[in-house]
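This report goes through one protein model. Please have the sequence and the structure open while reading.

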Amino acid sequence: MLGVLAGAPEAVPVAVLTGMPGIGKTALAAHVAERARGLFPEGVLRAGLGAGAAAPLGRLVRALGAPEAAVPEGTEARAALYRSLLAGRRVLLLLDGALDTAGLLPLLPGTPGCAALVTSASRGLVVPGARPVEVPELDDGAALELLGAVAGARRARQDPAGLRELAGLCAGLPLALHLAGRRLRLEPGLSAAELASPGGTGPLARLRADGRAVEDGFRRRAQGLSPGALRALRATATAPDRFGPAEVASLLAAGEPEAAGAIEELVDSGLLAPGVSGRYRCHPLVRAFARHRLGPA
């Protein structure tokens, strides 16, 4: 990814990290940005994005040296000032949590020398010339290593079987592994087997620590879905491991074109993973969210 950000002298490289909520996009972007500091001698600027570009543009122009009195109102005026302040500099912009294309585009640098590293749960961003990077789930070995590192060396030594079971429950999702490890570290009397037990409401109620929960990211993405996509997400709780529009249409008693549109929206939202040959996959924890938090389709 460093090669992408270095780019050509006349270009403005943009890399967009996408993936499901909790997959570690922000952590990976921060790691890449730290490694890329040598390419951008005037520093790395980070901005958390949300609805609209005006607020993050205001924070960025202040960070670039604009006095408060010189920060104009409105997205267009702030974007013009932002790009003028970046002209001639070598700065890496880490733009974290882009919700949509309209809120992202005004924040992209406009002159060569700068680059942007973007994270987004949405695969539906349209950024001309950007390099998309899908952040994958961890494999079994890396997942167990992360869980053991967070839970502590004593846990890893005393209960390797329990940690393997718990890592399997988290299914390669770094946030779930981190929160599960934190629970074990904070509660010495809690066993890995207890944390991994299915219980009446599934694993989601247990995968929380320090005021964070795995399901929070799922809920935020689900809130932005259309009614049809939300029904399709509920249907994934009972769909086969790999499924296509025909299976979802059957579960919804709807036509395949309607099911295909809903699936596309779920893929764009980061709540459904595209597979091969027109098949799709729902992460086990997203299935648990659909089953225990959304109710029947």
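## Confidence of the model

The structure is a predicted model. Over the protein chain the pLDDT averages 90, and 95% of the residues score at least 70.

Among the elements of the chain, the lowest mean pLDDT, 72, belongs to helix α1 (residues 2-6). The highest, 96, belongs to strand β3 (residues 92-96).

## Helices α3 and α4

Helix α3 (residues 54-63) packs against helix α4 (residues 75-86) at an angle of about 30°, and their axes are 9 Å apart. Angles under 35 degrees count as roughly parallel, so α3 and α4 are roughly parallel to each other. The crossing in which α3 passes α4 is left-handed.

On the α3 side, the contact is made by A54, A55, L57, G58, L60, V61 and R62. On the α4 side, T75, R78, A79, L81, Y82 and L85 take part. Sorted by class, the contact of α3 with α4 has nine nonpolar residues, two polar and two charged.

## Helices α12 and α13

The second pair consists of helix α12 (residues 227-235) and α13, whose axes come within 10 Å and cross at roughly 100°. An angle of 65 to 115 degrees counts as roughly perpendicular, and α12 is therefore roughly perpendicular to α13.

By class, the contact of α12 with α13 has five nonpolar residues, no polar residues and one charged residue.

A171 is not a glycine, yet has a positive phi of about 50°.

A253 also has a positive phi, of about 55°, although A253 is not a glycine. A253 is placed in the loop between α13 (245-252) and α14 (256-269). Is A253 buried or exposed? The relative accessible area of A253 is 73%. Exposed means over 50%, so A253 is exposed.

Definitions and conventions:
Residues numbered from 1 in each chain as written. Predicted model: local features only at pLDDT ≥ 70, side-chain atom pairs only at ≥ 80, totals over all residues. Heavy atoms only, no water. pLDDT = per-residue confidence, 0-100. Helix = DSSP H or I, 4+ residues; strand = E, 2+ residues; numbered from the N terminus. Buried < 20%, exposed > 50% of the residue type's maximum accessible area, 1.4 Å probe, protein only. Axes fitted to C-alpha atoms, helices over the stretch in contact; angles between N-to-C directions. Parallel < 35°, antiparallel > 145°, perpendicular 65-115°, else oblique. Left-handed = near helix turned anticlockwise from the far one by under 90°. Contact = heavy atoms within 4.5 Å. Nonpolar A, V, L, I, M, F, W, Y, C, P; charged D, E, K, R; others polar.
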